[in-house]
Amino acid sequence: MSLKYAVLAALLEGEASGYELSKVFDVSLANFWPATPQQLYRELERLAGDGLIEARTVQQERRPTKRLFSLTAAGREQLGAFAAEPTRRPTAVRDEFLIKMQAMDGVDPHVVRALVEERRAWALGKLARYERVRERLLDGRSEEEHLREADRVGPYLTLAAGITFERENARWCERVLAVLDERRAPTGAAGHAGSDGHAGQALG
């Protein structure tokens, strides 16, 4: 899949500037289809040239003129056709961090711990952002009410996938940190460390 369909899907939320779209990607799409602002702007120009989106210029007082993009009928039709296509096999994870974990034995444990703590901080930071978006989408309703009554549930379900992913990411980091602590503990303390139900549990 190309960035094209991710941009078209993001514009289902309504007319947006390139800057606004970059924010949408940051909080809702970046977890599974990341893109830099430069990539987004290039894709927007291509889509406008292909007639799948249209742009209008808005004059602003004391601020630069901005362009707002929206889906055309052709864009909606093509996005709908894409959404109905069978999905190819899921993309394999390619994560430099996990390669480092594979090779962690023999590396200074303090260095490894710092890397894991950094990854955990990123996961928790994204979780916090996702939870704020979730509250905004719910707008005082329960999840059940939103899923039953909202005009569109795709954005919420996609967000829920990101929340689940980052929760598991943070949980895995906490488990790795517990393993590192256990391996550093004196031999006599190792068994005690496993008795609290955290350090002694299996990975996964």
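What is the volume of the second largest pocket? I looked this up in a predicted model, and the pocket comes out at about 290 Å³.

**Entry: the pocket**

I listed the lining next. It has 14 residues, and Met104, Asp105, Val179, Leu180 and Arg183 are the closest to the centre of the pocket. Two elements give two or more residues to the lining, helix H6 (109–138) and helix H8 (154–184). H8 gives the most, six residues. I then sorted the lining by class and got ten nonpolar, one polar and three charged residues.

**Entry: the cores**

I turned to the largest nonpolar core, which has 18 residues. Within this core, Val7, Leu8, Leu11, Leu21, Phe25 and Ile53 touch the most other members. Helix H1 (3–10), helix H2 (18–29), helix H3 (37–49) and strand E3 (63–71) each give two or more residues to the core. H1 has the largest share, with six residues. Another core lies apart from this one; it has eight residues, including Met101, Val116, Cys173 and Val176.

**Entry: helix H1**

Why is H1 largely enclosed by the rest of the structure? Seven of its eight residues are buried, so the rest of the structure largely encloses this helix. I wrote down the buried ones: Leu3, Lys4, Tyr5, Ala6, Val7, Leu8 and Ala10.

**Entry: His146**

Is His146 buried or exposed? I found a relative accessible area of 4% for His146, which is buried because the cut-off for that is under 20%. His146 sits in helix H7 (residues 143–149). A polar atom of the His146 side chain lies 3.5 Å from the backbone oxygen of Leu137. Leaving out residues up to four places away in sequence, I noted that His146 touches Leu137, Leu138, Arg141, Arg152, Val153 and Tyr156.

**Entry: positive phi**

Most residues other than glycine have a negative phi, and I looked for residues that depart from this. Arg62 is not a glycine, yet has a positive phi of about 60°. I placed Arg62 in the loop between strand E2 (53–60) and E3. Its relative accessibility is 87%, so Arg62 counts as exposed.

I found Asp139 in the loop between H6 and H7. With a relative accessible area of 63%, Asp139 is exposed.

Note on methods: Residues are numbered from 1 along each chain as its sequence is written. This is a predicted model: local features need pLDDT of at least 70, side-chain atom pairs count only at pLDDT 80 or more; totals for chains, interfaces and linings use all residues. Side-chain values use heavy atoms; hydrogens and water are left out. A nonpolar core is a set of buried Ala, Val, Leu, Ile, Met, Phe, Trp, Tyr and Cys residues joined through side-chain atoms within 4.5 Å. Buried means under 20% relative accessible area, exposed over 50%, partly exposed in between (1.4 Å probe, protein chains only). Helices (H or I, at least four residues) and strands (E, at least two) are DSSP runs, numbered from the N terminus. On a 1 Å grid over the protein atoms alone, a cavity is a set of points where a 1.4 Å probe fits but cannot get out, and a pocket is an open set with protein on both sides within 12 Å along at least five of seven lines; lining residues have an atom within 4 Å of a point. Grid points are joined across faces, edges and corners, and a volume is the space filled by probe spheres set on the points. Ala, Val, Leu, Ile, Met, Phe, Trp, Tyr, Cys and Pro count as nonpolar, Asp, Glu, Lys and Arg as charged, and the others, Gly among them, as polar. A polar contact is a pair of N or O atoms within 3.5 Å; within protein, one must be able to donate a hydrogen and the other to accept it, and residues adjacent in sequence count only if both atoms are side-chain atoms. Contact means heavy atoms within 4.5 Å.
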